[in-house]
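I open the notebook on a new structure. The entries follow the order in which I looked things up.

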Amino acid sequence: MIQFSENISLKEYNTFGLEAKARYFVSVSDYDALKSVVKSFDPGENRHLIIGGGSNLLFTKDFDGWILHSDIKGIEVTEETDEYVFVKAGSGENWSDFVDYTVEQGWGGLENLSLIPGTVGAAPVQNIGAYGLEQKEVFVHLEACNLITGKICHFNKLECDFGYRNSIFKGAEKGKWFVLNVTYRLEKHPRLRLDYKPLLELFSNIPKEKITVKAVSNAVKSIRRSKLPEPKELGNAGSFFKNPVILPGIFSLLQQQFPEMPFYALENGLVKIPAGWLIEQAGWKGKRMGHAGVHDRQALVIVNYGGATGKEILALAEAVQKEVLRKFNIALEPEVLIL
Ligand SMILES: Cc1cc2nc3c(=O)[nH]c(=O)nc-3n(C[C@H](O)[C@H](O)[C@H](O)COP(=O)(O)OP(=O)(O)OC[C@H]3O[C@@H](n4cnc5c(N)ncnc54)[C@H](O)[C@@H]3O)c2cc1C
């Protein structure tokens, strides 16, 4: 019989550090435990949410349903060739520790994603990305448990339907699958990804063959530490909004009005605009509203200055969205899951 808790505080389970309660909370450390949970509740009837580290969630009220938390651990090499090593990690493994482990072995592929908070299980759900790399590039497959049948299913890259901070688990299959483990294909002879401008600048004077995955990982960590607030010190969930992707025609019109607007031309012809720049231009960088505020070094991050409620953070986010829409006619879409 599986143990679950009632009316428990979620403060330790969200990086905003918000006070909210869960009606039922259950943490599972293996597939058998999850199977007994599946027998105890009906995902069609009972409201539920799967969580890892809670680093992309905003609780605006108590959660009147089941919170299913992954504590599934374990890292193992499942296959090796002359070029690659296939590494499988449990969904409850801490992402940043997992990346550190692969970097310590000298395997290439995940170093640009160093220090991203959260768990391994959420990485494919979110298709996390940073410094010119998305996890989908080294992802092989995952195993997930269907919350209705309790059966395990494999999902390969195509089946996950990865997009920008998106996957099938946030779309058509939302809430139906609990990720158990994820397998990545890492390189024994690392192919470093240094195209992202800050990395390119840092390593420009060093011959490529002298650069190690550890050096790249350390560089990513130090850039991140200089730019992003540490959630334990200042509650936050990283980028609150996605960078908007717009049609080239609309971008040309905007560029006439705002010639200095930064942009990235995407392969599909669309244009991505940094949301942080839009927020800064809209005058919100460093601004506070009650206990919540837009961070003063990174306008894409909304922070809890202490004692903020989820509703207060949401009100601030909506005020930012309104002003960006008014000034640029661009609707910012939250990256954070609002509950
Ligand atoms: C300071 C900071 C910096 C950040 N920087 C980045 C960044 O550079 N790039 C980036 O992409 N993100 C970034 N983020 C966001 C966050 O780290 C990622 O979204 C991360 O993947 C969330 O992991 P988590 O375990 O905390 O997931 P949670 O926040 O707990 O959940 C996120 C989503 O994943 C689902 N989920 C979680 N675990 C499972 C599972 N086992 N099975 C099925 N679904 C699951 C949840 O239902 C939810 O939809 C940052 C966050 C913070 C706080």
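Which residues does F178 touch, not counting residues up to four places away in sequence? I find L34, I50, L68, A144, C145 and L147 touching F178; contact means that C-beta atoms, placed from the backbone, lie within 7 Å.

Before going on, I note the ground rules. The model is predicted: local features need pLDDT of at least 70, side-chain atom pairs count only at pLDDT 80 or more, and totals for chains, interfaces and linings use all residues. Residues are numbered from 1 along each chain as its sequence is written.

**Core.** I looked up the largest nonpolar core, which has 90 residues. A nonpolar core here is a set of buried Ala, Val, Leu, Ile, Met, Phe, Trp, Tyr and Cys residues joined through C-beta atoms within 7 Å. Buried means 20 or more other C-beta atoms within 10 Å of a residue's own, exposed means 12 or fewer, and partly exposed is in between, with C-beta atoms placed from the backbone. F178, I279 and I302 touch the most other members. β12 gives the largest share of this core, 7 residues. Strands (E, at least two residues) and helices (H or I, at least four) are DSSP runs, numbered from the N terminus.

Ala, Val, Leu, Ile, Met, Phe, Trp, Tyr, Cys and Pro count as nonpolar, Asp, Glu, Lys and Arg as charged, and the others, Gly among them, as polar.

**Domains.** The bounds come from an automatic or database domain assignment. They are domain 1 (5-70), domain 2 (75-227) and domain 3 (235-338). The contact between domain 1 and domain 3 takes 12 residues from domain 1 and 14 residues from domain 3. On the domain 1 side, I find 6 nonpolar, 5 polar and 1 charged. The centres of domain 1 and domain 3, taken over C-alpha atoms, are 29 Å apart.

**Strands.** Two strands pair if DSSP finds at least two bridges between them. An open sheet of 3 strands runs β14-β16-β15 with antiparallel pairing, and its edge strands are β14 (245-246) and β15 (264-265). I246 has V271 in β16 as bridge partner. Elsewhere, β10 (139-146) and β11 (152-156) pair antiparallel over 5 bridges. They form a hairpin with 5 residues between them, and G150 in the turn has a positive phi of about 80°.

**P244.** I place P244 in the loop between β13 and β14. Its contacts, leaving aside neighbours within four places in sequence, are I273, A275, I330 and L332. P244 and I330 are 86 residues apart along the chain, and their C-alpha atoms are separated by 7.6 Å. P244 is partly exposed because 18 other C-beta atoms lie within 10 Å.

**Phi.** Most residues other than glycine have a negative phi. L115 has a positive phi of about 70° although it is not a glycine. Y131 also has a positive value, near 50°. Y131 is buried, with 20 other C-beta atoms within 10 Å.

How values were computed: Two residues are in contact if their C-beta atoms, placed from the backbone, lie within 7 Å.
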